[in-house]
Structures are given as structure tokens and as C-alpha cells.
Amino acid sequence: MEYLVLATSLRTDSHSRILARQVTGAYAQRGGQVAFVDLRDYPLPLCDGGPAYDDPGVAALSALIAKARVVTLAVPIYNYDVNAAAKNLVELTGPAWAGKIVAFLCAAGGQRSYMSVLGLANSLMLDFRAVIVPRFVYATKADFRDGQLFSPEIAARVDELAETSMRLRYV
């Protein structure tokens, strides 16, 4: 598995999960070996700086992240930031992110949070020397209808993100 897509929303009808499924298909369509992971399937403890690191889910996710060349994070935006579950995931699996190429898919309620992913991106770059794909997808609730991605513009950006992520190399 070269590409790992992590859907980090814990909500059942998540727009970021729809984006995650879309990019998983885009990687596969281009011949990429891709794995999709739904964070709901890994009930993680809150990072406590101690025993939480020994959780079996943390070990399993750390191994998946470590094996991937490119990790795509699909995150919901809450209160002008990525969701707490995504940040908790990074805190628990930190060393696995070293030297990864990381792409972002963001789903938010409105258009004013489009820079909200930068805090997590900076942390991944500075703490783990990850390379951040310079374009990310930012979608709002207006881009979805009836549980599906409706916007052709956002669909094209998801495809572009997959294509760019596949071309990048960590040197």
C-alpha cells in the first residue's frame, strides 16, 4: 500500500468521508495501491502522554501510516480548526508521520475557515519533516447533496490532488 486515506470524522453522515472515498477512487483509478481507513473503526484513547500510546488501535494505525508513502487526511473543520480526532491521531502516532507526503481534504460548513488546516500542516512539517502537498481541497456544505459530492469543481480538485500527490517524491 503506497497511498493511505484517513477519514477522521466521527460523524455518520460526514462530508469529509465522502471526499475521502472520492480520493480513494481517484488513486485507484490511476493505478495506485490505496487503503481507506475510517477512524470510526479505531476508537482511540485521548492522548495522555503515557499509557494511551500502548493502545492496540494506536499501534495498528501507526503501522499503516508508517507503511504509506502518501497519507491523505480527510478532515472536518470545526470552530476554525481541524477536528480534535485528527489532531489526537497525529499526537498518538507522531513518529509514523516522519518523512511522509501529506495531502488534505477539508469539509467545512462555510467558506471562512479555508486556512484552518495550516496549524496541523505546520506541525507535520516541523515536527516530522513531512512534505505537505501544496494544494488542498476545501469543500463546504453547498458542495454536497443527498450524501454525495455534487460540485464538479470540487471533484476536479480531488482528482488534481490525487494526481499531484502521486507525482511528488520525498527526497
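This is a predicted model: local features need pLDDT of at least 70, side-chain atom pairs count only at pLDDT 80 or more; totals for chains, interfaces and linings use all residues.
Which residues in α1 meet which residues in α5?

**Stop 1: α1 and α5**

Select residues 15–29 for helix α1 and residues 152–167 for helix α5. On the α1 side, show Leu19, Gln22, Val23, Ala26 and Tyr27. Their partners in α5 are Ile154, Ala155, Val158, Asp159, Leu161, Ala162, Ser165 and Met166. By class, the residues of this contact comprise 10 nonpolar, 2 polar and 1 charged.

Now turn to the geometry. Two packed helices are described by the angle between their axes and the distance between the axes. For α1 and α5, the axes come within 9 Å and cross at roughly 50°. The two helices are therefore oblique to each other. The crossing of α1 past α5 is right-handed.

**Stop 2: α2 and α3**

Next, select residues 56–67, helix α2, together with residues 84–93, helix α3. Here the axes come within 10 Å, with a crossing angle of roughly 85°, so α2 is roughly perpendicular to α3. Show Val58, Leu61, Ser62 and Ile65 of α2, then Leu89, Leu92 and Thr93 of α3; these residues make the contact. The contact of α2 with α3 has 5 nonpolar and 2 polar residues, and no charged ones.

**Stop 3: the annotated region**

Finally, select residues 1–140. Over residues 1–140, the chain is 34% helix and 25% strand.

Terms used:
Residues are numbered from 1 along each chain as its sequence is written. Side-chain values use heavy atoms; hydrogens and water are left out. Axes are lines fitted to C-alpha atoms, for helices over the stretch in contact, and angles run from 0 to 180 degrees between N-to-C directions. Helices (H or I, at least four residues) and strands (E, at least two) are DSSP runs, numbered from the N terminus. Angles under 35 degrees count as roughly parallel, over 145 as roughly antiparallel, 65 to 115 as roughly perpendicular and the rest as oblique. A crossing is left-handed if the near helix is turned anticlockwise from the far one by less than a right angle, and right-handed if clockwise. Contact means heavy atoms within 4.5 Å. Ala, Val, Leu, Ile, Met, Phe, Trp, Tyr, Cys and Pro count as nonpolar, Asp, Glu, Lys and Arg as charged, and the others, Gly among them, as polar.
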